[in-house]
Amino acid sequence: MCARASGRVEVAGVQLASGDCGAAIRQRLAYVPEDRLGVGLAPGLDASENVVLKAFRGRRFGRWPMLRLSSVRESAREFLERFHVKGRPGSLILKLFGRHA
């Protein structure tokens, strides 16, 4: 994340420090790139693998380096349901979204 050129970012009335990725993550702020398939997702990986890419060090999926695959799959299921995507945690992102991701 680059420092912003101007303006400010507030979450629930709290201003975030420019370029502070940790603060943004703690506030559940995310960047969604326009080209999600080319930049934001790994099309050659399945939904479970994409879910865990940025969160594997947290305790939600186990303790590094061991991951609880059942937790990873359940999280992927929840994301697919939340965004109304028809597929399974083991479905390749490219097959789920094609070039429209």
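Accessible areas here come from the Shrake-Rupley method with a 1.4 Å probe, and for residues only the protein chains shown count as cover. On that basis the chain exposes about 7800 Å², with carbon and sulfur atoms supplying 55% of it. The model is a predicted one, so to speak of local features takes a pLDDT of at least 70 and side-chain atom pairs count only at pLDDT 80 or more, while totals for chains, interfaces and linings use all residues. Numbering starts from 1 along each chain as its sequence is written, and side-chain values use heavy atoms, with hydrogens and water left out.

As for the overall layout, the chain has 5 helices and 2 strands; both kinds of element are DSSP runs numbered from the N terminus, helices being H or I with at least four residues and strands E with at least two. Read from the N terminus on, the order is β-β-α-α-α-α-α. Of the 101 residues, 26% count as buried, where buried means under 20% relative accessible area, exposed means over 50%, and partly exposed is in between (1.4 Å probe, protein chains only). Contacts (heavy atoms within 4.5 Å) were also sorted by separation: among those with a separation of 6 or more, residues 24 or more positions apart account for 41%.

H4 has 14 residues and reaches 20 Å from its first C-alpha to its last, close to the 20 Å expected at 1.5 Å a residue; the expected span is 1.5 Å times one less than the number of residues. Its buried residues are Ser71, Val72, Ser75, Ala76 and Leu80, and these pack against H3 and H5.

Now to the charges. Side chains of opposite charge can pair when their charged atoms come close. A search of the whole structure turns up 3 salt bridges, each being a side-chain nitrogen of Lys or Arg within 4 Å of a carboxyl oxygen of Asp or Glu. Because Arg77 and Glu74 are 3 residues apart in helix H4, about one helical turn separates them. An α-helix has 3.6 residues a turn, so residues three or four places apart point the same way. Arg77 is partly exposed at 35% relative accessible area, and Glu74 is partly exposed too, at 36%.

Another bridge joins Arg60 to Glu78, at 3.4 Å from N to O. The remaining bridge is between Glu10 and Arg8, at 2.8 Å from N to O. Here Glu10 is partly exposed at 40% relative accessibility, whereas Arg8, at 56%, is exposed.

On the aromatic side, the structure holds 1 aromatic pair. Phe79 and Phe83 form it, stacked at 6.4 Å centre to centre with 10° between the planes. For the record, rings of Phe, Tyr and Trp (its six-membered ring) pair if their centres lie within 6.5 Å; planes under 30 degrees apart count as stacked, over 60 as edge-to-face and the rest as tilted. Phe79 is partly exposed at 30% relative accessible area, while Phe83 is exposed at 52%. Phe79 also has Arg82 over its face, 4.8 Å from the ring centre; a charge sits over a ring if NZ of Lys or CZ of Arg is within 6 Å of the ring centre and within 35 degrees of the ring normal.

Most residues other than glycine have a negative phi, and most peptide bonds are trans. His84, which follows H4, has a positive phi near 55°. This residue lies in the loop between H4 and H5 and is exposed, with a relative accessible area of 72%. Ala12 likewise has a positive phi, near 55°, and sits in the loop between strand S1 (10-11) and strand S2 (14-15). At 79% relative accessibility, Ala12 counts as exposed.

Ser91 is placed in the loop between H4 and helix H5 (93-97). With a relative accessible area of 14%, Ser91 is buried. Neighbours within four places in sequence aside, Ser91 is in contact with Leu45, Asp46, Ala47 and Leu96.
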